[in-house]
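Have a look at the structure first, then read on.

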Number of protein chains: 2
Amino acid sequence: MRLYDGGKAPNPRRVRIFLAEKGIEVPLEPVDMNQLGHKSEAIKRLNPLQRLPVLVLDDGTAVSESVAICRYFEELHPEPPLMGVDAQDKAVVEMWQRRIEMHLLLLIANVFRHAHPAMAEWEVPQIKEFSEANRPKVLASLEWLNEELADRPFMAGERYTIADITAMIALDFMKPSRIELPSHLVHLNRWYDSVKARPSADA
Amino acid sequence: MRLYDGGKAPNPRRVRIFLAEKGIEVPLEPVDMNQLGHKSEAIKRLNPLQRLPVLVLDDGTAVSESVAICRYFEELHPEPPLMGVDAQDKAVVEMWQRRIEMHLLLLIANVFRHAHPAMAEWEVPQIKEFSEANRPKVLASLEWLNEELADRPFMAGERYTIADITAMIALDFMKPSRIELPSHLVHLNRWYDSVKARPSADA
């Protein structure tokens, strides 16, 4: 088994943090995304979408999509649980995971990809108006999540889960997207400090 | 338990088709989205994002996000399996599910939401250029999926899964988005005919 990794980009980090929380070590195959290593023929054979990370199993099966890779490890190594413990909890964790993906991470990615010069060859055409249209939506989502966190420690409830990983990655991604985390969102800031303080955050 | 349902819209259909494939009956609470029923205070209390469907469990827990609702039923009623049978299969199904969500359904939704007059109050601002920019991406994804289906019956392999439900919903959603399915994509057309012929397609 080996994990074709993509360094600092959000999705490779999601999987490495997940593995660190699980205490699982997987041999990494570094791919330099700055050198467009993910656009190589070798990666294209593993993932026609040419995105990272990709987990290659011992039988040659290539699994891409970060959350699919996480699912594989969650099934094999349920402890500590990061995707829920029973039907109801799994559903609630998946709900939060998806809310944060679609209503936070995706919006931040839209701001970034449609404006940042480094994305000009990747996001064609870049539409600046679309980038700008996503900014107030990001801020609205941050306000909403701040309210949600007023009465619980983590995104999906009392336990740290994959939804916290996705949300932390999203907030980290605000920096290159030039979106500031408003300081008046005290619950969200408290939560962000707490997840950033976990050893896994540096994975 | 009751499912707040939203009629013909893509996400409510995804869940109803999933339930039909499982043979599970859940009491439905119809919400008229044409009358903006999903924008009511009652729905907002269940889902601050004001989207449907929402599953309310007997203890009052509200689960939104279609795939989270499906996950709940998959965990309680594993047969027939629609989200994979073991760690590797679950990962592969989730990979396909997510590929189709992000690289097909989302692109079609972008075409629709940023151009259709009915979406003018929902998608603010509508950016016609963004709608148009997504059209060639949809067609590229259709070409890719056609190749993938050349040597297998279903999106994720030999078995019908949630990835087929999402893909069928996506292709159905092309009609109001005014995107035609090219007839030369013979494998994709064969697959589409086969999933549309299942009784669940009318759910």
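Let's start with a helix in chain B: helix H3 (residues 66-76) lies across S3 and S4 of that chain, and it runs at about 120° to S4(B). Keep in mind that you're looking at a predicted model.

- The strands under discussion belong to an open sheet of four, in the order S2-S1-S3-S4 (chain B), with mixed pairing.
- Strand S2 (28-30) and strand S4 (62-64) of chain B sit at the edges with a single partner strand each, so each has one side without a neighbour in the sheet.
- From one strand to the next, the twist averages 25°.
- Strand S3 (residues 54-56) of chain B pairs with S4(B) through three bridges, in the antiparallel sense.

**A look at B:Ala201**
- You'll find B:Ala201 in the segment that comes after helix H7 (186-196) of chain B.
- B:Ala201 has 16 other C-beta atoms within 10 Å, so it counts as partly exposed.
- Setting aside neighbours within four places in sequence, B:Ala201 is in contact with B:Ile17, B:Met168, B:Val195 and B:Lys196.
- B:His114 is 87 residues away from B:Ala201 in sequence, and the two are 27 Å apart in space, C-alpha to C-alpha.

**Strands in chain A**
- Strand S1 (residues 2-5) of chain A pairs with strand S3 (residues 54-56) of chain A, antiparallel, over three bridges.
- S1(A) also runs parallel to strand S2 (residues 28-30) of chain A, and three bridges join the two.
- A:Leu3 is a handy landmark: its bridge partner in S3(A) is A:Leu55, and it stands opposite A:Leu28 in S2(A).

**Where the chains touch**
- On chain A, 30 residues are in contact with 30 residues of chain B.
- Strand S4 (62-64), helix H3 (66-76), helix H4 (87-113) and helix H5 (128-148) of chain A each give at least two residues to the side that touches chain B.
- H4(A) supplies the largest share of that side, ten residues.
- Sorted by class, the side of chain A that touches chain B has 18 nonpolar, four polar and eight charged residues.

Definitions and conventions
Residues numbered from 1 in each chain as written. Chains lettered and ligands numbered in written order. Predicted model: local features only at pLDDT ≥ 70, side-chain atom pairs only at ≥ 80, totals over all residues. Pairing = 2+ DSSP bridges. Contact = placed C-beta atoms within 7 Å. Nonpolar A, V, L, I, M, F, W, Y, C, P; charged D, E, K, R; others polar. Axes fitted to C-alpha atoms, helices over the stretch in contact; angles between N-to-C directions. Buried ≥ 20, exposed ≤ 12 C-beta atoms within 10 Å, placed from the backbone.
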